[in-house]
Amino acid sequence: MRLRLALAASVAACVFASSAPPSPEAHFGHRMGADRTVLDWDRVVSYFRSLERTSHRIRLRELGKTTEGRPFLAATIASPETLRRLDRYRWIQEKLADPRRTPPEEAEKLIAEGKAVVMITCSIHSTEVASTHTAVEFAWRLLTEDRAKFRRILDEVILLLVPSLNPDGLDLVTRWYRKTLGTPFEGTEPPELYHTYAGHDNNRDWYMFTQQETRLTVAELHNVWRPHIVYDVHQMGREGARMFVPPWTDPIDPNIDPLIVQQCNAFGMGMAADLTAAGKTGVVVNAIYDFWTPARHYQAYHGGLRILSESASVRIASPVVVRPDQIARSGRGYSPRERSWNHLEPWPGGEWRLRDIVDYQSVAWESLLYQAALRREDLLRNFYRIGQRAVARTQPYAFVVPASQRDPGAARKLLETLAFGLVEVERAAEAFTAGGRQFDAGDYVIRMQQPYSAFAKTLLERQRYPDLREYPGGPPRRPYDVTAHTLPLLMGVAAHEVGEPFRARLVRVAEFDGFARPTGRLPASDSDTWRRVNALWKAGAEVWRDPESGDFYEAPGPGRRRVPQPRIALYRSFVPSMDEGWTRWVLEQFGFEYARAGNREIRAGRLADRFDVVIFPDQPPATIEEGYKSGTMPEEYCGGLGEKGAAALVEFVRQGGKLIFLNRATEYAQARLPLGVRSATSDLAPREFYSPGSLLNVTLRSGHRLALGLPERIAIWSEQSPAWEAPEDVVVASYPGADILASGWLLGERYLAGRAALLDIPVGRGRVILFGLRPQYRGQSYQTFKLLFNALLDF
């Protein structure tokens, strides 16, 4: 019997060896991480398909298509026995995720049987090319190297490997790098966004789910597998540490379960120890990156660990030399030059190559996966415990979203967003009382006694970001991203927090069509109206508007004015602006037609022949005025509007055109156009005035055409946004005298009190509109979309 088994094993080994997975070198023609090598997505796809054909330890799945139509892939890697029972292991994860339907005795049996599920995601930021190289090589090694650690990983772990979260950007960066290879511009970043709409913000989309790649990842991986760990692989600047791994620095969102945070700390420190054991210097922990906003991660609100590594970069794929005197003297939470408990072996400087990044990442990947294999039962048991703690939440008891809303479209979108994130939404079958307030039949209820209540709570409540300083009495410590994410404020949706339990007859719902709408008119307050208006224009129909209410109609009537379809231009600099991408996305989502106008088009003048309105998205004024300086990029991408472009804009507005400037772009307008307003904040230091991505209260001027369809008091997105001293007749939105902060963090409220946040200034026969806010912030701020949309129209 033993002889027959040995012979069978020998035959199987021979069969496997005869069709062994091809090495990366054989497929791509070079080693992964070799100097000046970048990858084509179709070659990455074909390589993973060849691995699937030649190994019984990998399955490849196309999850869908990217924004530009490329295949979006995930590989599942595990032992053949595990792959044969994937449906069973998914079911175990689903059972452990909800302790309400899985008693502890059953859970223990499932914990003993289940596998650790780890997802590794690569190159969401496409100039950070190393992790796709690492994915290719590490997958091949895991499938072909007969090592005890790898055998343990394959037996105990299900690895979900996403070779790139942004294949479109991967190809864009590859094309640009090859175009500039061997020129003075080798290693520069492309002169366009490396995600079609979001650019670098594509990893700030993990709670609003606006982009195709985000939605595919969440719907097809996160929500199917509910991973215990998601490891997001990034790169950072080149003058500091060589690699960051957790623990995170403060602040940590209090809605993230402490058990998740402690496990992140433990696994991250294990990775740091293994990197140090492998001779890798310059490893930093508990620095640079905080754990605050859900924009950058999904799984920590869904029972899983968020692990991040950030490796020092090269110039895309070209080596760099960093002299000791070029290493930064200070960083967020550590000094790159000095030894400290969280940075024990500083990197001394020298040559740094793409291959070095791949080597560091390979050690970190193996460390994380091996730790997950060794602590498989701990991961599953703690996953179950986190769910137990979530369903036992008592404060608050629930949030109620009334069915009667000023903006039914935004309310529906808010509930759809929560439901996409696996939040359970119920609807009242009859009227009820909660928190001393009467609610109607049909109102929506989100109770907190559910597995993913942390996700709902962090998005529905107001944030109170801590006042963190570089030192006592010193300047503010910059958040890694932003400080607020309160969806009801961003979207203009009424949502009521209820602290104490209440009785109501509730029914679970998955569709949210219970919001009342009037007949015979299209309310300006309803986000969906704007899609309908643009659809009418597209069909060749006329649109009419009541100048008092702002409501739209499909036929003329008393007092109504015809609204012509605006001819919109969106300024595009060769210095990529994420805000430009988000503006395009919002315009397209609501059906607005527009053209992109670059420096050449604007400098050519005669803008009024082609456009009614020109939008300048948020960007530093120098990128509009000067763009890239000559010699820093190929000449065709250098320069800005200059004198000729500024003159063309003045001519356009004097002839009756409309210029819209968003956030920082308003500084260009103030410098180049005769506006007669003064900034109230531009000369203030951060310790005096600081609004690092916060929601602030403003009051709108009643009856103004830009404010039609909006309530008198709203919250706007402020990101170190300007405020002005201006004549009263040009002010559309102004800050109140007190209680300005709605959510997030604000220093220097007194500098905003009574100042203007939105101006509508006549110039010649035209108008210049200055937004001291980002009205289309990351595709989220549905309430202030309407300020921008109103600004586009003439009637």
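Helices H5 and H13 are oblique to each other, the class left over once angles under 35 degrees are called roughly parallel, over 145 roughly antiparallel and 65 to 115 roughly perpendicular. H5 spans residues 86-97 and H13 residues 376-391; they pack at about 40°, with axes 8 Å apart. Helices here are DSSP runs of H or I, at least four residues, numbered from the N terminus. Axes are lines fitted to C-alpha atoms over the stretch in contact, and angles run from 0 to 180 degrees between N-to-C directions.

This is a predicted model: local features need pLDDT of at least 70, side-chain atom pairs 80 or more, while totals for chains, interfaces and linings use all residues. Residues are numbered from 1 along each chain as its sequence is written, and side-chain values use heavy atoms, leaving out hydrogens and water.

Which residues of H5 and H13 meet? Gln93, Leu96 and Ala97 in H5 meet Leu380, Phe383 and Tyr384 in H13, contact being heavy atoms within 4.5 Å.

Turning to the core: the largest nonpolar core has 211 residues, with Ile660 among those having the most contacts inside it. Such a core joins buried Ala, Val, Leu, Ile, Met, Phe, Trp, Tyr and Cys residues through side-chain atoms within 4.5 Å; buried means under 20% relative accessible area, with a 1.4 Å probe and protein chains only. Helix H12, residues 354-374, gives the largest share of this core, 10 residues. Beyond four places in sequence, the contacts of Ile660 include Phe616, Phe771 and Leu792.

Finally, Cys122 is buried at 0%, and Cys638 is buried at 15%.

Terms used. Helix = DSSP H or I, 4+ residues; strand = E, 2+ residues; numbered from the N terminus. Buried < 20%, exposed > 50% of the residue type's maximum accessible area, 1.4 Å probe, protein only.
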